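Good morning, colleagues. I would like to take a few minutes to present one structure, looking at its pocket and then at its aromatic contacts.

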Amino acid sequence: MTDMALTPEMDPGLPADAGTGPPHEVLGPEDRRRRRRRLAILAVLSALAVVLLVFSTWYLLFRKPISQLPLPGFDLPPMPAYSYSLYGMGQPTGIAVTPDGSRVYVTQTTGEDAVLMLDGQGQVIAALQSPDTTTDHVFVYVAISPINAEVYVSDRPAADVLVFAPDGTFLRTFEPPASLVGWQPLGLNFTPDGHLFVTDLGANAVYEFDKDGQLLRTIGSNGMFNYPNATAEDALGRLYVSDSNNGRLVVFGRTGEVLGVIRRGSAIGDLGIPRGLAIDDRGLLYVVDNTDHSIKVYRTSADPVALPEFLGSFGEPGIGEGMFRFPNAVATDTRGRLYVADWNNDRVQVWTY
């Protein structure tokens, strides 16, 4: 007798799809819970992989920290956090940093008559010095030209602005026009298109020069400023001047009109003695408040005639990490770092977002 397998039609006890596919898997409640957990874990891991890919791509493209990744509907706290300090300078007053943070130029008012050029880890690479050895020199502020990376330094006793190559080689002395002979240059700041702003303690004024060194305009006069220290220009062309001995920040419009002031006082956002200024690529304005031992942070406005909005401050008096004693200058790079000349602590502090 020939063996013959039963088909579903021949054996009503078999299910209709028997013999046409794999048998049904019957899962108990615990098996179903385990399967759901596995699927949930896989979903979380996939989401994390996507987030990591986005963050990695952001960093590789823009070389900025994750905290500056623009996320819709998510506003990160505006204040940076203390990261580390650079030592080896004596009472630093000015600081300038290349966009990538690989070179840091620091002026000092004690020790060697030189501007220190450091690498990103704080190691001294070179000392920028005047070729004139017959005169005392006190280098106060420093700025880097965005056009050719030349380094400009204000020399207080000599009443000069010295110009160095990026490697520290002395190039020349910046020559003002004849109308400014006898000036006392102090604060230095470049705009992205290479214009140079110089504060003059002799005339209590601010001068703007084009990239060829031609005087374009004079801002302020005796009676308006008292010991102007620093300037900064924002993306809308507003000019901010730290009017130090008047204890205020004066804000000018693109055409030179005074838009208003951030005053001296004890209210939130008020100032004590403002010194160094910087604006980062997010439009945040940093004001060094020398006597408050802090850095005040403001957001510049999209309204071209509006004053900046106070966001908060960082730092406090003291000698510990993240504490200041009479800070004098601030600079930013394009990787979310801020560099503060902590004058009476003989160091430069680095803060990051």
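β2 (92-97), β6 (139-144), β10 (185-190), β14 (228-233), β18 (274-279) and β22 (327-332) each contribute at least two residues to the lining of the largest pocket. Please bear in mind that this is a predicted model. The strand with the largest share of that lining is β14, with five residues.

How much space lies in the largest pocket? The computed value is about 940 Å³. The pocket is lined by 40 residues, and those closest to its centre are N189, F190, A278, I279 and T332.

I turn now to the aromatic side chains. The structure holds 13 aromatic pairs. One of them joins Y82 and W351 in an edge-to-face arrangement, with 5.9 Å centre to centre and 80 degrees between the planes. Y82 belongs to strand β1 (residues 81-87) and W351 to strand β24 (residues 347-352), so this pair ties together parts that are 269 residues apart in sequence. Y82 is partly exposed, at 22% relative accessibility, whereas W351 is buried, at 6%.

W351 also pairs with F314: the ring centres are 4.6 Å apart and the planes stand at 45 degrees, so this pair is tilted. Because F314 lies in strand β21 (residues 309-314) and W351 in β24, the parts tied together here are 37 residues apart in sequence. F314 is buried, at 4% relative accessibility.

Two further items remain. Y152, F174, W183, F190, Y207 and F209 form one aromatic cluster. Finally, R282 lies over the face of Y353, 4.3 Å from the ring centre.

How values were computed. Residues are numbered from 1 along each chain as its sequence is written. This is a predicted model: local features need pLDDT of at least 70, side-chain atom pairs count only at pLDDT 80 or more; totals for chains, interfaces and linings use all residues. Side-chain values use heavy atoms; hydrogens and water are left out. On a 1 Å grid over the protein atoms alone, a cavity is a set of points where a 1.4 Å probe fits but cannot get out, and a pocket is an open set with protein on both sides within 12 Å along at least five of seven lines; lining residues have an atom within 4 Å of a point. Grid points are joined across faces, edges and corners, and a volume is the space filled by probe spheres set on the points. Helices (H or I, at least four residues) and strands (E, at least two) are DSSP runs, numbered from the N terminus. Rings of Phe, Tyr and Trp (its six-membered ring) pair if their centres lie within 6.5 Å; planes under 30 degrees apart count as stacked, over 60 as edge-to-face and the rest as tilted. Buried means under 20% relative accessible area, exposed over 50%, partly exposed in between (1.4 Å probe, protein chains only). A charge sits over a ring if NZ of Lys or CZ of Arg is within 6 Å of the ring centre and within 35 degrees of the ring normal.
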